[in-house]
Amino acid sequence: MLSRVLLCIVLLHQSVLVQTLDVVAVLAEEKHKSLKLLEDTLKDEGQLHGWTGAVKVIKLNDTNPITALDKVCSVMSEGAVLLIDMADPLTGQLLRSFARSTGLPYVTLLDKATLIEKDFNPDLHLQIEPPGSVLMGVVRDVITHEHLTGIAVLYDNSFDLDKIPKRFLTGLPAQHLFQEIASSSHNATLRQLYRLEDNQIRNFFIVANKENIKTILETASGTKLMDEKYHWFVLTKDMSITCQGCKTHGRGTVLLFTGQPNNDIMQNEYIPFIRGLSKYISTFTADGSNIDEAFIFDLMNMIGTRLVNQNVDQSVSLNQSDCYSVTGPEPEVYNQSRAFIHSFVNRSRNGVFGPLYFKDNVLTQRLTLSVKRLTFTQQAQSTETIGNWTAERGLSLLDTSLLKPPGKKKYKIVVVPSYPPFVIPKGNNSFDGYCIDLLHEIQGVLKFDYELYPSPDGLVGSMDDQGQWNGVVKELMEKRADIAIGPISVMAERENVIDFTVPYYDLVGLTILLKKPEFDYELFKFLIVLDENVWLCIIASYFLFSGLLYAFDKLSPYSYQNNRRKYENVTPEPRIFTIKEGIWFCMMSLTPQGGGEAPRALSGRLIAATWWLFGFIVIATYTANLAAFLTVSRLDEPIKSLDDLSSQHTVKYAPHNGSAAMVYFQRMAEIEQKFYSIWKNMSLDDTLNPVERAKLAVWDYPVSNKYTKLWETMKLSGFPHSLEEALTSVKNGTFAYIGDAAENQYQTMRSMENCDLWQVGEEFSRKPFALAVQNGSPLRNDLSTAILQLLNQRMLEKLKKKWWDKNKVKCPKLENESEGISLNNIGGVFILIAGGAALALVCLGFELYFFKYKPKQASKNYGVAKSHSKANICQDENGARKQNGVSNGGRAPSEDSQVTPSVERKNGSSLNIFNRQKRGVTFNLGDSL
């Protein structure tokens, strides 16, 4: 009995002295459950290249660090030379701390984000970048290359995204969401996808294993989420995926990123190794391989080589009770561990999916991914390799874009139906105009087909008080259209629900369209100052007083013509008032020139004075009325600005119902009301002290209510529902239309019918025009690129010139009387001058006729010879004076004496044929005849 006890003691002592050289690998729960070949790959002794130790795999079923440490300690009681950490982040921190305390080297296959500063011990720590961290770089490169936004990344635990920070897309100008795949059930997955779609997600990245990928794709294949406007990107560590539902529904295009293996190593090393693990996988092929499992194969071969080459013979062994009281590493063990870790530096190995090499003190793998386009139809699934990806070079594609499918795409385009010259309806969903020409040019650049249809309500789109949209914006939001085209203003509230391309047209503001003011143009405007009856009375008075002057001068014994001797030596010689002289006197009395010599008789002078007084009153009255008439017409100022429009009450005004102009005035009125409420609340705040309240009360109403009044007036006026309705109201003269400047300008120049319209006011609320697409649509970048290309080719300038100069009419210039009297109103004065000059010419003709030709005719009729007549007319002045002296009773004639030449007829009578006044010289032809 005693001998048996002694034998047991000896055997126990020998077991304590013999230490194993094992490698301890700790696997998180999701690792050993999802990677079926991982444990067998780790345990296979063939990878250790004759190493005497084994690999002890510890599979964790929870995240309790104490439980994990207890399991490690139980394994290490026999001795260990290396710890491979593939645990969860919290457990890993405790295990790595334990390894540092014992001097045990440790390898971490974890993302660096899960490590703390103490973990990076250069003597004990071998940091390995897991393949999943490398692969996530392709997601960033795709987003950058395609300028994507509205992105969702759906992941499972195969990429550890559930445990590490989602740092891979940090800094990208793209809206993105990370979501763990909900479950494998169809309904839960469908709900998750539709929630993402409601959040304007159009680009889906599935980062998962092939089972979860199949579930998501088959769920989406029966919905609109497989339409062309949605994009699906699949990144997996498996070599292939399947989607039977995609074939059933016959729709869907998927971009697949999978590992591109080294065929030699795959066929000659890895596949034989996997087939030798178990009889159940004897038919294993490359399609069943997984990047993580293949990476462990490469890593364990590398570790086995290092263990053999470094001749590691010192292990760390601890009893279960000593795990929590480790005093520190043994020097021999620590030195051995340091030599082992340093032996990996600058080492490399050709792996199954790429070489393993050191980079920045980290062991990583240079993975090459194959980029394939999978197109599903009801007949088959087609696969097209379109490029590859590496972390160093990024994407290398056969085409310029991942998203460009074979053949032309076809888009549904909604049009703002009537907005000339941008969109002009032609009937049967056919349109013309600037935007349609622009669409044709973009089509030539991007090579796509399209289907046009008008906006159901004819509007661009505005949001009501309940947050509901209408117009083309609603069509885009509800996914019925891919593109919206027309004069769509870029507005902040619209950008919240749709995306805009770069502007294709200049900044366009709002202006006012009015009927031109009607000015009464009168060529003889100076005549309409007085009533017709007044003018008739003035003319009658004029001729009456002309006759009275003649009559009074003829009848008065004190007039000059009846009392010549009294005025013989008076200078200037008084005038004889004949009918002609009376008319001339009354006319000249009304002018600044004056009437000239007045009558000599008192009665005649009273008549002249009466006429002068009458003329003074008439002229003063006419001048005053003319000035007042012109002043009143110039005081009627036309509307020229929004302020002028708001300050009058005759003309109603409003923008198009549902237009951007309507939204502008509504928002401005709301802002004024909000500011007023804020100021009012501050002024009435009882918590303020009296001094502060007094300061606020200084200004009774610090916020203008200009737009509030405008908005209220617009609501009372009513908003026109179409451009034609607005133009009809404007032409009636009692309505002003507030619309886009480009639209108003076009209306004033397109036809002579609209020449009575004019655009007034400076532009306000200026915004550019752009095309609109669905929120997150990749079409935004394509369309923007095409527009910029057309802009550089000056095509947009040509289109603008075409549509603004097409059928342009030149309307007559509007003459504004407020700036001065126009020729149309004062031209009668110049006609009067021309008429007076013409009348003078006629009189001159008569005078020449009577002077030259009348005497000749008279001489012929009465036998007077031409030469004799001229001789007597031109006889010596002294002889003439003598004859005249005799005839005047021996008195020399006065300077202004009248001479009446006469011709004696054969019967003894005489004929006065020539009258001429010449300073007292009398010509008498009677004697010679």
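The structure holds one disulfide. The model is a predicted one, and the residue numbers used below run from 1 along the chain.

**Stop 1: the disulfide**

Select Cys-73 and Cys-323, which the disulfide joins with an S to S distance of 1.8 Å. Zoom out, and the pair turns out to link distant parts of the chain, 250 residues apart. Cys-73 belongs to helix H4 (residues 65-76), while Cys-323 sits in the loop between helix H12 (291-310) and helix H13 (331-342). Is the pair buried or exposed? Both cysteines, Cys-73 and Cys-323, are buried.

Now look along the S-S bond. The torsion about the bond between Cys-73 and Cys-323 is about -140 degrees, so this disulfide is left-handed.

**A side stop: Cys-586**

Select Cys-586 next. Its relative accessibility is 0%, and a residue under 20% is called buried, so Cys-586 counts as buried.

**Stop 2: helix H13**

Return to the loop that holds Cys-323 and move on to helix H13 (331-342). Twelve residues make up H13, and at 1.5 Å a residue they should span 16 Å. The C-alpha atoms at the ends of H13 are 16 Å apart, which agrees with that figure.

Show the side chains of Val-333, Gln-336, Ser-337, Phe-340 and Ile-341, the buried residues of H13. Around the axis they cover an arc of only 130 degrees, which puts them on the same side of H13. What covers these buried residues? Among the elements that do so are strand S3 (80-86), helix H5 (89-102), strand S5 (125-127) and H12.

**Stop 3**

Select strands S11 (349-350), S13 (362-365) and S12 (residues 355-359). These three strands form an open sheet in the order S11-S12-S13, with antiparallel pairing. S11 and S13 stand at the edges with a single partner strand each, so one side of each has no neighbour in the sheet. Strands of a sheet pair through backbone hydrogen bonds, in a parallel or an antiparallel way.

Focus on S12 and S13, whose antiparallel pairing runs over four bridges. Which residue of S13 is the bridge partner of Leu-356? The partner is Gln-365.

Then pick the turn of the hairpin formed by S12 and S13, which has two residues between the strands. Asp-360 takes a positive phi there, near 55 degrees.

Terms used: Predicted model: local features only at pLDDT ≥ 70, side-chain atom pairs only at ≥ 80, totals over all residues. Heavy atoms only, no water. Disulfide = S-S within 2.5 Å. Buried < 20%, exposed > 50% of the residue type's maximum accessible area, 1.4 Å probe, protein only. Pairing = 2+ DSSP bridges. Expected span 1.5 Å × (residues − 1). Arc of directions from axis to C-beta. Contact = heavy atoms within 4.5 Å.
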